[in-house]
Amino acid sequence: MNATSTIRIGNGCGFYGDQLDAPRDLVRDGRLDFLTLEYLAELTLSILARQREKDSSQGYARDFLYVLETLVDALQRGEAPRIVTNAGGMNAQACAQAASEILCRNGLSHLRIGIVTGDDIMASIDGWLEAGEALEHLDHGRSLAEVRSQLVSANAYLGASPIVEALREGADIVITGRVADASLTVGPARYAFGWEADDLDRLAQATLAGHLIECGAQVTGGYTTDWEGMSLADVGYPIAELGPEGQVAITKPPGTGGAVTVQTVTEQLLYEVGDPSAYLTPDLALDLSQVKLEQIAPDTVAVSGARAPFVPDRYKVSAAYRAGYQTAGQLVVYGRDCLRKADAVASILLERVRRAGFELDRICVEKLGTGASAPRERSNVSQASELREVVLRIAVAGRDRAALERFSREWAPLVTSGPAGLGGYTTARQPIRPVYAFWPTTVPKALVDPHVSVAVRSADEWRSEGVQ
Amino acid sequence: MNLGDLASARSGDKGNHANIVVVARSSEAFGWLQNHLTAQRVADFFAGLSPSRVERFAVPSVRALNFVLYDVLDGGGSLSLRTDTQGKLLGTAILELPCPDAPSSLARQE
C-alpha cells in the first residue's frame, strides 16, 4: 500500500475496561482505514500473566472478543477497517485463536490474523542478569536481581516494525502483546504510506498522532477541565487523519458528544509526559516542545511541529513483582462532630488490630469530604462547621495476610462497639488483594529483537491450530 | 483570583511521580504564569504530598507549563494506599492555587 491521500486511524479503546461499544460506534460513523484498540496499562500484564498461569488458554484482554463480535456486521459487509490491537497481552496466540472462533462462526474464516510476539522477556532475564545486564530500576538504579524471586512478568515495549510486517503480509487484524501505545498508530501509518523506520520527521508526526489518540476520549472532551456544557454520555472517540507528508489532524465522528479543541488536545498533548523535548518511544524520541495546534474546522485540530531528535537504542521494560497484600475499608461518619469522631474511629480500629497481636506495615487514613484525596495548601476544612459527614477510609498494606484479614473484620463491630453515627458498614469490608509492584527499566533492543516474531494466518488456520 | 481563572489543567502518573499540565487561557496569562507559577510555588502548594522535587517545563507554542512532581504517589500505581493512586485529582486541585497578584484583566471572561 502506498497511499497518496489522507488515511484515518481511529482509537476505540484507551485501556482494558474502557467503553465496550465505542469501537462499534467509531467504525460505524468514523470512515476509518484502521482501528486501534489499546488494552495494556502498566500493571495489566501482571494480571494477565497470573491468568495465563492458572489457565494456559487465557492471559489476553477478553474485552477484545466482545468488541470483535460487535464488529462482525461491518466485517461481513466488507466495511470494517483493519484492526491493530495489543489485546494479545501475555498470550497473543490464544487471543488469535479465540478471535478466529468468532470469525469462523460468522463466515469470516478467510480473514487473516497476524500476531506479534517476543515482548515477553521473562525467559531471558536470568541469562541477561548473569551476563551483567542489570536491568536497573529507572528511579533508584538498583538491579532487578533484588526482586527476581518475586517477579511475575517482564515485557519490553516493542515498536511499530512488527506491526508493519504483519500488515504487509496481509493481516486484517494484528494482535500484539506489549507494544507501545503510540506504535499502534505508527505501524498502520508506516504501512499505508510506505515510510521507512528512519523517516523520522514523518514518524514523529505519526507518533504524536498515536500519543494523542491512545487514551480514547481523553482527547475528545473526556477528562477535560471545562466539562460543563459538554455532552459526554455519547462522547465521540478520536480519529487521527494522517497525510503522506506527515500532516496530522485530530477529529471525531460527526454528531457525537464531546469536543476536539485546541484546549482538549493541549491537555492530552502533555498527559503523562515528563520532559516534553524527549518523550521516549521504541520508535523514536519525540520532541513535543515546538508542537503547534490549530482549529481548522469544528472538532478538528491540525497538529504540526513534532520532531524526533534521536532513536533510542533500548526498549523500555515493564516488569511486575509480588509485593505483599493490600486492603481498605470505609465507613460513613455522620454528625456535627464527624471529623473528631472519624479520627477516634480510626484509632479504635487500629488499636484493636494491635491488641489482637497483629502488625500492619503501612497505613493510610483519609477523611474523604475534606479534600484529603488531593492534599494541598489550605485544603483542610477541619474547622468547617457546615460539614455533616465524612467518609473514613483506611487502607493498609503488609506482608502478613492474616494481619490484613484481621483489619478487615474489625470494621463491622464498630457499629455496635464504636461511637454513634456510623453507617455503611455492610460494604465496609473489602477483599484482601495481592499487590504487584512495578519495576520500570530498559534493555538493549539488540537483546530483544532476535526474539520478536510475526505470524500471519487465516482465521481458519488459527482455529485448526487451536483444536490440535 | 485562582489559577483556574487563568488556566486549565490535567494530571497523570509516571510510576511514583505525577505530572500536571497547566494550559494558560491566553498568551497574556501564559506570560504571567511563566513568571509566577514557579516549580517552587507548586512544590509549596502540594507540600502535603511531600514531593522530593518539582521540575517545570515550558511549551510556549501551546501556552503550557508541565510540572513533574517526584515521589508524590505513595509508591504509585498498585503500591499506593491513597484514594488517588494515580494523581488524577492533582490537575483539578492545582486550579485552586491562589493568584492574588494576577492582573484582573487576565481572568477568564465568562
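Biologist: Which residue in E4(B) is the bridge partner of B:Arg56?
Modeller: Start with the two strands, which are DSSP runs of E, at least two residues long and numbered from the N terminus. E3(B) and E4(B) run antiparallel and are joined by six bridges; strands count as paired if DSSP finds at least two bridges between them. Within that pairing, B:Arg56 has as its bridge partner B:Phe67.

Biologist: Before we go on, what pLDDT do local features need?
Modeller: Residues are numbered from 1 along each chain as its sequence is written, while chains are lettered from A and ligands numbered from 1 in the order in which they are written. Side-chain values use heavy atoms, with hydrogens and water left out, and this is a predicted model, where totals for chains, interfaces and linings use all residues, side-chain atom pairs count only at pLDDT 80 or more, and local features need pLDDT of at least 70.

Biologist: Back to chain B: which strands stand at the edges of its sheet?
Modeller: The sheet is open, with four antiparallel strands in the order E1-E2-E4-E3. Look for strands with a single partner, so that one side has no neighbour in the sheet: those are E1 and E3 of chain B.

Biologist: And how much does that sheet twist from one strand to the next?
Modeller: Angles are taken between axes fitted to C-alpha atoms (for helices, over the stretch in contact) and run from 0 to 180 degrees between N-to-C directions. The average twist comes out at 20°.

Biologist: How much area do chain B and chain A bury between them?
Modeller: The contact (heavy atoms within 4.5 Å) takes 48 residues from chain A and 43 from chain B. Buried area is the accessible area, with a 1.4 Å probe, that two parts lose on being put together, summed over both. Carbon and sulfur atoms carry 53% of it, and the total is about 3600 Å².

Biologist: Which residues of chain B lose the most area to chain A?
Modeller: Three stand out, together making up 23% of what the chain B side buries. They are B:Arg10, B:Ser78 and B:Leu81.

Biologist: How many salt bridges are there between the chains?
Modeller: The rule wants a side-chain nitrogen of Lys or Arg within 4 Å of a carboxyl oxygen of Asp or Glu. One pair that meets this way is A:Asp226 with B:Arg25, at 2.8 Å from N to O. The count between chain B and chain A is five.

Biologist: Now chain A: which strands are the edges of its ten-strand sheet?
Modeller: The order is E11-E12-E8-E7-E1-E2-E3-E6-E4-E19, an open sheet with mixed pairing. Strands that pair on one side only are the edges, namely strand E11 (292-297) and strand E19 (453-458) of chain A.

Biologist: Which residue in the turn between E11(A) and E12(A) has a positive phi?
Modeller: Five bridges join these antiparallel strands, and A:Ala297 has A:Thr300 as its bridge partner. The two strands form a hairpin with two residues between them. The residue with a phi of about 55° is A:Asp299.
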